[in-house]
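Hi,

Here is the structure I promised to pass on. Have a look at it first, and my notes follow below.

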Amino acid sequence: MILAVLFANSVGNILVERFFGVPAEERLHWRSFLVKLGADNLKGVKNEELLVACHKSVYIVYTVLGDVSIFVVGKDEYDELALSEVIFVITSAVKDVCGKPPTERLFLDKYGRICLCLDEIVWTGLLENTEKDRIKRMIRLKPPTEF
């Protein structure tokens, strides 16, 4: 199961977060842990270079895209390999929506569409859609014409 997807800016403020199956009392711990993990390790990392960590028997794959850090946390069948696929789909979708690796301002300007993409990619802790064209179709807010 995918436990969390978080986007943070370069100073550690959370821009978007989605938790799945994580109790409310544990979310603050995960937020602070992931922001600290990013602050310690993401300096000087190239765009979309994946980093992997393990904490309390869960896997964390994280990267930088423009001015935004992206963290994906999973357990069980979502090991580091599966999470790398999830983060690849997320980074591709964000680049498509923004037109390039986003600055924080561009990310916030496109916030609504990014959230729609994220909801189409990860749903209730499972990887739902990976096809770029299908995600684009689904976020238009029109009924799909073909499956």
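Asp76 is not a glycine, yet has a positive phi of about 55°. You'll find Asp76 in the loop between strand 5 (68–74) and helix 2 (80–98).

Before you go further, note that this is a predicted model: local features need pLDDT of at least 70, side-chain atom pairs count only at pLDDT 80 or more, and totals for chains, interfaces and linings use all residues. Residues are numbered from 1 along each chain as its sequence is written, and side-chain values use heavy atoms, with hydrogens and water left out.

Glu48 also has a positive phi, of about 65°, without being a glycine. Glu48 sits in the loop between helix 1 (24–41) and strand 3 (51–55), and is partly exposed, with a relative accessible area of 29%.

On the overall fold, the chain has five helices and seven strands, in the order β-β-α-β-β-β-α-α-α-β-β-α along the sequence. (Helices, H or I with at least four residues, and strands, E with at least two, are DSSP runs numbered from the N terminus.) The radius of gyration is 15 Å, which agrees with the value near 15 Å for a compact globule of 147 residues; that is taken over C-alpha atoms, and the globule rule is 2.2 Å times the number of residues to the power 0.38. Along the principal axes, the C-alpha atoms fill a box of roughly 45 × 30 × 25 Å. Of the 147 residues, 42% count as buried. If you take contacts (heavy atoms within 4.5 Å) between residues at least 6 apart in sequence, 50% of them join residues at least 24 apart.

Cys117 is in no disulfide either. Cys98 is buried, with a relative accessible area of 10%, and Cys117 counts as buried at 5%.

Cheers

Terms used
Buried means under 20% relative accessible area, exposed over 50%, partly exposed in between (1.4 Å probe, protein chains only). A disulfide is a pair of cysteine sulfur atoms within 2.5 Å.
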